[in-house]
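Subject: Structure handover

Hi,

Here is the structure I promised to pass on. Please load it before reading further; my notes follow below.

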Amino acid sequence: MHPTPLLLLVALVIGSSASPAEEADDLLAKAEAAGAAGRYGKADSLYRKIVEEAPGTEAARIAEERLAPNAWLRTVDLEINGDSDNRIDIFVLGDGYTREPKFQKLFDQGARETLKYFEQAPVFRRYRKFMNFHAMNIASHEDGVDARGKDHDTALGAYESGASQGQVAVRHQDVARWLRLDPRAEGYAICLVRLGTLGTGGGGIAVIGGVPSNTVIHEWGHAFANLLDEYTSDVGYTGPAPRGINVSNTDDPELAPWKHWLDARQKGVGMFPGAAGRSKGAWRATATGCAMNRGPSYCLVCREAVTASIWEQVNPIDEATPHEDPLFVEPDEELVIELRPMEVVGSPSLKVGVTIEEIQGSFEAAGAVDDALGSFLDGGTGADAWDAFGGGDTGADAWAGGGLDGGEWVSWSRPSRAGKKADPPLEGRTVRFEKRRDDERRTVYRVKLRARELDPGNHLLHARVVDPTDWVLKPEWKALLSERRTWKIVVK
Ligand SMILES: [Zn+2]
């Protein structure tokens with residue numbers, strides 16, 4: 001029997017409502033939602049449906065990947081402290097956790113526990129809001145650590161490293177492959193290997209055997225800040241002692257990597273024999289207590305390196321508006337500039353200073369006067385004591401021809417981390433700004449400039465944010481602790 005024309009028309013209308021590719025995309029979204037909720041079995045049956053019903057589509061290609069023996073299941077945000085652009089995004093990954101829900105639940109538990117160990121170190125407590133944590137559930141085909149000819153098909157290819165205690169390691173290229181699935185990833189991962197022993201760390205990747213423990217902070221020190229072991233007993237190393245941030249291969253204090261702490265006569269810092277898994281031929285900076293030995297937290301040499309590594313990744317100025325540059329202002333207009341610094345937990349909080357300069361001639365002829373602002377903030381005069389900052393109008397034009405090196409503009413998207421320059425004389429005018437909490441309880445600094453308070457012509461407004469912590473002493477690292485933002489303002 002032939003369909004009547006009316007029925008045929010209805011069939012056509014229904015049939016044209018979504019293309020096979022669109023239907024497959026729909027199913028893929030459903031499968032991913034099921035996976036995100038931890039319903040991996042349901043997700044798998046939807047992935048299989050896509051492969052069967054929409055072969056050749058992009059959705060089918062993705063679905064096939066998700067059905068592979070080692071496969072991504074979902075990514076869960078464990079703790080989000082801000083926009084990934086200016087945060088350190090750390091992913092917890094599992095190896096040897098098979099598809100069965102009970103194993104994935106074990107991984108979920110381990111991932112959450114991993115975060116607790118970050119609370120153990122004051123440096124991660126202070127800079128907690130600089131980090132985002134994510135957990136990536138990955139199904140491993142098998143469970144086991146490769147060793148002595150035995151090979152297991154797992155997501156991260158875990159294997160026993162050559163060290164004497166069989167410390168577990170993973171294949172970095174496998175970690176990179178999973179991290180590529182998330183645009184927020186920047187190479188930092190903590191890998192939990194279910195059947196692994198002890199741990200290893202380096203190149204942004206920490207590996208923890210079994211369940212999380214004190215090892216997390218130790219391996220993360222290797223992975224994140226290039227710290228070396230401070231073990232004084234043998235852990236399987238051979239050959240000459242290495243030299244690094246926290247290990248010296250000579251007892252000469254002049255050649256110590258932490259000489260700056262010795263010069264500062266820091267209490268408790270010296271040349272202590274035993275480090276890098278050796279009792280002889282290697283020295284460490286403190287007697288006991290460092291997490292790179294067996295302590296719960298970092299010694300002050302290691303803490304300095306971790307702090308510097310954090311500041312290497314994060315801009316002290318989290319957000320600054322407006323984005324336009326230069327800003328053109330009519331004589332009767334008011335200009336509002338807002339700045340959100342990064343926020344640390346506890347004290348001292350970051351210092352903020354703002355100054356404005358009047359430019360004779362073009363902007364390009366102007367110099368780096370805001371360095372004066374930097375020295376003001378470094379001088380410890382108090383974060384919000386902006387009104388103590390000169391106060392008077394010292395004559396803005398004077399510095400323009402003062403021979404300071406000019407033309408170094410700092411843009412918001414590509415902050416300059418160049419070393420600090422010599423302090424030029426302070427020639428600026430301070431600007432009143434208000435400090436308040438926004439709707440999200442973040443501290444925001446707001447400058448309101450009325451154009452009629454300024455002379456017509458070109459001006460520079462500098463904002464500078466500095467971390468006044470005394471945890472960092474080394475000059476080239478200290479330079480990472482401050483950032484400035486400059487707006488060019490043209491008053492008509
Ligand atoms: Zn240490």
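Helix α10 is largely enclosed by the rest of the structure, because twelve of its 14 residues are buried. Those buried residues are L300, V301, C302, R303, E304, A305, V306, T307, A308, S309, I310 and W311. What covers them? The cover includes strand β2 (88-95) and the helices α6 (122-126), α8, α9 and α12 (475-478). From first C-alpha to last, α10 reaches 20 Å, close to the 20 Å expected at 1.5 Å a residue.

Keep in mind that this is a predicted model. Everything here is computed from it.

Overall picture

The protein has 492 residues, and 51% of them count as buried. It has twelve helices and 19 strands. Take the contacts between residues at least 6 apart in sequence: 69% of these join residues at least 24 apart.

Zinc site

Which residues coordinate the zinc ion? They are E230 (OE), C290 (SG), C299 (SG) and C302 (SG), at 1.9 to 2.3 Å. C302 is also one of the buried residues of α10. The site is tetrahedral, with angles of 94 to 125 degrees among the four donor atoms. Along the sequence the donor residues follow the spacing E-x59-C-x8-C-x2-C. E230 sits in the loop between α8 (215-225) and α9 (259-263), while C299 sits in the loop between β10 (278-284) and α10 (300-313), so this pair ties together parts that are 69 residues apart in sequence. E230 and C299 are both buried.

Helices α5 and α8

Two packed helices are described by the angle between their axes and the distance between the axes. For α5 and α8, the angle is about 75 degrees and the axes are 8 Å apart. That makes α5 roughly perpendicular to α8. On the α5 side the contact is made by T114, Y117 and F118; on the α8 side, by V216, I217 and W220.

Helix α5 itself covers residues 101-118, which is 18 residues. Its reach is 27 Å from first C-alpha to last, close to the 26 Å expected at 1.5 Å a residue. The buried residues of α5 are F103, Q104, F107, D108, G110, A111, T114, L115, Y117 and F118. An α-helix has 3.6 residues a turn, so residues three or four places apart point the same way.

Backbone points to check

There are two cis peptide bonds to look at. One joins D325 and P326, with omega about 0 degrees. P326 lies in the loop between β11 (317-321) and β12 (327-329). The other runs from S347 to P348, again with omega near 0 degrees. P348 is in the loop between β13 (334-341) and β14 (351-359).

R148 has phi near 45 degrees, and R148 is not a glycine. Is R148 buried or exposed? R148 is exposed, with a relative accessible area of 72%. Its place is the loop between β3 (131-139) and β4 (159-160). N226 is not a glycine either, yet its phi is positive, about 60 degrees. N226 belongs to the loop between α8 and α9. At 57% relative accessible area, N226 is exposed.

L339 lies in strand β13. Its relative accessibility is 4%, so L339 counts as buried. Where the chain is concerned, L339 and V444 are 105 residues apart, but their C-alpha atoms are separated by 5.7 Å. Leaving out residues up to four places away in sequence, L339 touches I317, E319, A320, V352, T443, V444, Y445, A463 and V465.

N458 is in strand β18 (residues 457-466). With a relative accessible area of 18%, N458 is buried, because the cut-off is under 20%. Its contacts, again without residues up to four places away in sequence, are E357, E358, I359, G361, S362, F363, I489 and V490.

Best wishes

Note on methods. Residues are numbered from 1 along each chain as its sequence is written. This is a predicted model: local features need pLDDT of at least 70, side-chain atom pairs count only at pLDDT 80 or more; totals for chains, interfaces and linings use all residues. Side-chain values use heavy atoms; hydrogens and water are left out. Helices (H or I, at least four residues) and strands (E, at least two) are DSSP runs, numbered from the N terminus. The expected span of a helix is 1.5 Å times one less than its number of residues. Buried means under 20% relative accessible area, exposed over 50%, partly exposed in between (1.4 Å probe, protein chains only). Donors are N, O and S atoms within 2.8 Å of the metal (3.2 Å for Na, K and Ca); water is not among the atoms, so sites may look incomplete. Four donors count as tetrahedral if all angles lie between 85 and 135 degrees; four count as square planar and six as octahedral if opposite donors are over 155 degrees apart and all others between 65 and 115; anything else is irregular. Axes are lines fitted to C-alpha atoms, for helices over the stretch in contact, and angles run from 0 to 180 degrees between N-to-C directions. Angles under 35 degrees count as roughly parallel, over 145 as roughly antiparallel, 65 to 115 as roughly perpendicular and the rest as oblique. Contact means heavy atoms within 4.5 Å.
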